[in-house]
Amino acid sequence: SSARSGHKPLMVSTAGAGRVLLQSSTGSWGKDAELVVDMTAPLEILQKDRAALPLPMFTERNFSVATNHNVSLTSSNATLSNDNALTVKSASAGQRIEGNLSNEKLGNGVSLILQRDPRCEQLIATDSADTQTDIIQRIESHRESSATPLVLVLDGSATMSSAMENICSALKKTHFENASIVWASDKPLSVIQHAQTDSAQWQTALEKIRDSSCLGGQNNAEALTFAITSKLTGGSDANVVWLHGPQPVKFTGDNLLTQLNGSGKHVKLYEYQVSAGPNEVVKSLDQSGALVQVPRLFSLEKDLEDLFEKLSGRAEIFNISRTAVKHGTLAGPSSKMENEVAKLYVSDMVLSSLSNPFNRRQMGVAAEQHHLVTPYTSALVLENQVEFKELGVKQHSGATPQTTNASKSATPEKGANKSESSKSASGGKLASLPGLDGLIPASPEPPMPLIMICVLLTGTTFVWIRRRQRVRA
């Protein structure tokens, strides 16, 4: 097929933090096409002795996939699954996790729970791309206070209808001294302000939410702006929790990122998408250190209960930090996944530097050296080196694009804006290139205003033709 001769290169780019976009440049591939995507996924620390690995899922696609997905994993640690469709068996290398998962189950969140050594709080990894540098990875924990203001922003779109009962059940069990709820619609509504969650007023507000209708697609931008900049968040620290459905259109006409970073308050925005689908909003917010993406680990109600337990101070919040030091500066246990730790560190650095255009080249070079797909870099799978030259592939580093067999290329980072391996039916070559230079656009689809104009013109032409037909009749 033409895919084998390089006429349909595969493009891999970022679709926001934790999301990877895979595209064929000129349409569909043949039915025998095969994609192999390797991912390096940092675990979610639940407790000192437990961690979770959420399984990846399709958030959106324009192609069909098998109704059931085969799962086959090996773990060196004791492992449990939150889904009875997966079985755990002993194996020579540790434990084997096998089973079949439907699209629906995978989209609702399936995780593997792994036992970990609670004494392991720090690891050292040598960066293979820079042997003079070590990456120190630490697990840190802290507790929030129930007095810290909580502002809940609820998406009022139709996609949220089936989720409201579970959301209200989770909110009924919360323990906050100062909580507010904003209903996100084209005209945001403040449902309740500065309430204690054990009060009668709070329970009345939850009943009101249960009885409310979720209609159409509602604009969440104004509600988020109101939550971040209003007096609901108080004068200092505050936590804003945004529960929403798919966000297929970017926010326009607002400056939410600036408001979040420059509000003068220490506001954290906890973002949780209750159902699988596109999320164009994350692309504009993933560069903010104030954004916290809450992973889909269990059921919606269980995820929210765990989140509210952490934000009210009843459970510890665990974070993984990574810093670079001169090689040999610190002594300690070495990581068994040194390259993966280095990739995660570089990804963190890229995201934190997006607001500084002067660091673009430096961060682009680092991402290329570590084979990462980021907002600065994309990946292109072609057949041979000549095709890279024909397409004018550029690099931040100015080096010749690296060509490797796609099935053996470096692993990407899940949950940190990275991906990297793809393969056509014939095998392919992978090269990294700056996605922001226009060779691989992040959004190849036409802009929404142009689509609306085309629809309007098409509709007007149709009406005119029908009228002409009636006149002739």
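User: At what angle do helix α8 and helix α9 pack, and how far apart are their axes?

Analyst: In this predicted model, α8 (residues 338-352) and α9 (residues 360-369) pack at about 155°, and their axes lie 10 Å apart. The axes are lines fitted to C-alpha atoms, for helices over the stretch in contact, with angles from 0 to 180 degrees between N-to-C directions. Helices (H or I, at least four residues) and strands (E, at least two) are DSSP runs, numbered from the N terminus.

User: Which orientation does that angle give α8 and α9?

Analyst: The two are therefore roughly antiparallel to each other, given that angles under 35 degrees count as roughly parallel, over 145 as roughly antiparallel, 65 to 115 as roughly perpendicular and the rest as oblique. The crossing of α8 past α9 is left-handed, a term used if the near helix is turned anticlockwise from the far one by less than a right angle, with clockwise giving right-handed.

User: Which residues make the contact?

Analyst: On α8 they are V346, M349 and V350, and on α9 they are M363, A366 and A367, where contact means heavy atoms within 4.5 Å. By class, the residues of this contact are six nonpolar, no polar and no charged; Ala, Val, Leu, Ile, Met, Phe, Trp, Tyr, Cys and Pro count as nonpolar, Asp, Glu, Lys and Arg as charged, and the others, Gly among them, as polar.

User: And which residues of α9 are buried?

Analyst: M363, G364, V365, A366, A367 and E368 are, with buried meaning under 20% relative accessible area, exposed over 50% and partly exposed in between (1.4 Å probe, protein chains only). Just after α9, H371 takes a positive phi of about 60°.

User: Before I go on, how are residues numbered, and what pLDDT do local features need?

Analyst: Residues are numbered from 1 along each chain as its sequence is written, and side-chain values use heavy atoms, with hydrogens and water left out. As this is a predicted model, local features need pLDDT of at least 70 and side-chain atom pairs count only at pLDDT 80 or more, while totals for chains, interfaces and linings use all residues.

User: Changing topic, how do α2 and α3 cross?

Analyst: The axes of α2 (residues 164-172) and α3 come within 9 Å and cross at roughly 175°, which means that α2 is roughly antiparallel to α3. The contact is formed by M164, E165, C168, S169, L171 and K172 of α2 with W202, Q203, L206, I209 and R210 of α3, and its residues divide into six nonpolar, two polar and three charged.

User: What about R210, is it buried, partly exposed or exposed?

Analyst: R210, found in helix α3 (residues 200-211), is partly exposed, with a relative accessible area of 25%. Leaving aside residues up to four places away in sequence, R210 touches E165, C168 and S169. R210 and M164 are 46 residues apart in sequence, yet their C-alpha atoms are 6.3 Å apart in space.

User: Now the sheets: what is the strand order in the open sheet of four strands?

Analyst: The order is β3-β4-β9-β6, with antiparallel pairing, and two strands pair if DSSP finds at least two bridges between them. The edge strands, β3 (44-47) and β6, each pair on one side only. Neighbouring strands of this sheet are turned by 30° against each other on average, direction ignored.

User: How many residues of β9 are buried, and what does β9 pair with?

Analyst: Strand β9 (residues 111-115) is mostly covered, as four of its five residues are buried. Strand β4 (residues 50-54) is joined to β9 by five bridges in an antiparallel run, with A51 partnered by L114 of β9. Strand β6 (residues 79-81) also pairs antiparallel with β9, over three bridges, and there L80 stands opposite I113.

User: And is the pairing of β15 with β16 parallel or antiparallel?

Analyst: Strand β15 (residues 237-244) and β16 pair in the parallel sense over eight bridges, H244 standing opposite Q273 in β16. Strand β17 (residues 291-293) pairs with β16 in the parallel sense over three bridges, and L269 stands opposite L291 in β17. Six of the eight residues of β16 (residues 266-273) are buried.

User: Last one: how many helices and strands does the protein chain have?

Analyst: Its secondary structure comes to eleven helices and 20 strands, and buried residues make up 43% of the 473 residues in the chain.
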